[in-house]
Amino acid sequence: MWYLCVFYHRLLDYRKPEVESLAQLFGAFGENQNDDVPFQLQWKLPLHHHPDSPFHFVNLPSEQLARNIANRSILVKGMYELWGEGGSYEELKDSVLSYPDERKLPYLDSDSTFKITVDSFGKVISLNEQKELIQGLSYIPFKGQVKLRDPDHNFWLIEIDNDGANNGLPPIVQKRIFFGREVGCSDRKIIPTYQLKSRTYLGPTAMDAEMAFLMANQALATSGKLVYDPFVGTGSVLVAAAHFGAMTMGADIDIRVVRDGRGPNCNVWSNFKQYGLPMPVALLRADNNLPPWRPGLKEIFDAIICDPPYGVRAGGRKSGGRKLLKGAVEPYIVPDDKRTDHIPSTAPYSLVECVHDLLDLAAKMLVMGGRLVFFYPVLREDDFAENHFPEHPCFKLISSSEQILSSRYSRVLLTMVKTDPYTQEIAEAARIKHIEFKENHVKWLEEGNLHSAVFSPADAQLTDVIDSKFNKDPKPKYRGEVPNSLVVISFSNSSASKVSSSSLAIKK
C-alpha cells in the first residue's frame, strides 16, 4: 500500500537510506529477508514536486511496518494513509469522497476520538484560517468526539505553497493539498534529550545527537546486537546505539580518553549512566593498525559504526614514533613498574591506511549481513565530478549520503553490508584494491592536507584555480608537506576494573 511519507526538510541525502534501513530492520522481507540483497522500497513523488521535496509516496507491505519506521526514524515527520489530495480544496473534496468507505468508516465511528491538525510547507496559516479549513471538511462524516490530547485517531490537512522562494525548492505548478490519517510519527524529543551541550563528558570531535542516531539506524542497531566503534572517543555513537537496545563496545588509541576521562564522574562510562543506558561490554585501549584480537577470532560484531578522524578537527594516530620511554628496550617493552601511567608513543596515521585497516577489520569481525557505517571526507572541487569511495571484496555499498560542511568540503556517510566471508584470497584481493584506490582516486589524501585545503585563505584557493586553468605551469593545489595529516582509526583499552567480562581475548 502507498503511504504519504513526510520528511523533515533537512539532511536530504539521508532521508531515504534511513527509511530503507529501518524497513530492513523491521522485516520488510518477511521470513525470507536477506541483508545480502538490500531491500529496495518503491518511491514516487507527488505531482510536479522536486526530488528534494519533503513529501514522498512510499509503498510498504503493512501499516504496522509504516508505523514502526515512522516511530523510530529521526528524519520522518510522519507516515499517513492518504485519503485524498488535490490542487484545490474542491479537488481535495472529490478525492476524499472517492476514497473507499470501507477504508474510512472504521476511523469515523462514534466510539472513537479524533483530532485534525492543519500543517503547511512554504507558508504560514493563521489560527483563524486553520479553523475555517477544518470546518470546510464537514463533508467527512466524523461521528466521534474531538479530543486534542492523545486521541484515538489523528488526521492531518497539509497544504503546500507553490512559491518555491519560501521553502528553498523550485516552485511547483500549483499548490498541493493532502488529507490523511496519521499512521506513525517521529519522536524528535530524543534529540534535545541527548543534545551535546548537556552531555556529562564531551570531547572536541563528539558526534552530534541527530547524526549519531541516524548512524545507529543505518547500522540496524537493536536489542541483542553487538555494536563496535573503533574510534569511540567520548562515546557519542555508542550512546545512540545503546538507546536502541544494542550491546556496545568501543576502543580508542588514547588511554586517557577511555580510562581516565576528566575524573571518576566524568568519563565515557558516566555518559551512559547519565541516560540510564546499559554500560558498554568493554572499552579498549588498542591500535587498529596493530590489531589486538587473538588469531582466529572473527565474526563477533553485528555492526561497526565510526567517525574516523580525517584531519580537519583531529588527526589520526597509530602506534609508533621515535620517542621511547626511558628505560624501555627494543622492541619497546615497557617495564612493569611504569605500565600504569605509561602513554605509548604514536605516529601519524593517514586516512587511506586507516580506511584499509577499517575495512579489513570489518571483513574479519562482522557477521555475515553485518553493517559497516562510517564517514568519509570529500573535497568539493569542480574537477572532482565523480566521488570514488573505498571498496572491499567482502562488502557491498548500499548507500552514500553527503553532508555539506562548507563550500570546500563535505563528508559522506557510507553504509556497507558484508556479503562474503573473509578468506586469505579475499585479503589479497583487498590489498590490491587498496593499492589501486590509493594510486588512482585519493592522491589528494596523501599529497595534500585536508585541513589546509579547508582553512586556507579563499584568495589562495582562487589563485590555484586560475593557475590550474590558464597557466602552463600551475602552482601545486595544496601547499606544505603534510603526507599523513588525514588520519584515522585506532583503539583503546580501559582499566581492568572498568572492563566487563567478554568472550574476547586481548593480546597484550
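## Exercises on a predicted model

The axes of helix α1 (residues 15-25) and helix α7 (residues 209-218) come within 8 Å of each other and cross at roughly 45 degrees. The model is a predicted one.

**Exercise 1.** Classify the orientation of α1 to α7, and state which residues make the contact.

Solution. Two packed helices are described by the angle between their axes and the distance between the axes. Angles under 35 degrees count as roughly parallel, and 65 to 115 as roughly perpendicular. The crossing angle here is roughly 45 degrees, which makes α1 oblique to α7. From α1, Pro17, Glu18, Ser21 and Leu22 take part in the contact; from α7, the residues are Leu214, Asn217 and Gln218. Sorted by class, the contact has 3 nonpolar, 3 polar and 1 charged residues.

**Exercise 2.** Decide whether Phe57 is buried or exposed, and list its contacts beyond four places in sequence.

Solution. Phe57 lies in strand β3 (residues 55-59). Buried means under 20% relative accessible area. Phe57 has 7% relative accessibility, so Phe57 counts as buried. Beyond its neighbours within four places in sequence, Phe57 touches Trp2, Tyr3, Leu4, Gln42, Trp43, Lys44, Leu45, Pro46, Leu82, Glu85 and Phe178. For Trp2, the separation from Phe57 is 55 residues in sequence and 6.2 Å between C-alpha atoms.

**Exercise 3.** Describe the surroundings of strand β5 (residues 113-121) and its pairing with β6 and β7.

Solution. Strand β5 is largely enclosed by the rest of the structure, because 7 of its 9 residues are buried. With strand β6 (residues 145-146), β5 pairs in the parallel sense over 2 bridges; Phe114 has Val146 of β6 as its bridge partner. With strand β7 (residues 153-160), β5 also pairs in the parallel sense, over 8 bridges, and Lys115 stands opposite Asn154 of β7.

Note on methods:
Residues numbered from 1 in each chain as written. Predicted model: local features only at pLDDT ≥ 70, side-chain atom pairs only at ≥ 80, totals over all residues. Heavy atoms only, no water. Helix = DSSP H or I, 4+ residues; strand = E, 2+ residues; numbered from the N terminus. Buried < 20%, exposed > 50% of the residue type's maximum accessible area, 1.4 Å probe, protein only. Contact = heavy atoms within 4.5 Å. Pairing = 2+ DSSP bridges. Axes fitted to C-alpha atoms, helices over the stretch in contact; angles between N-to-C directions. Parallel < 35°, antiparallel > 145°, perpendicular 65-115°, else oblique. Nonpolar A, V, L, I, M, F, W, Y, C, P; charged D, E, K, R; others polar.
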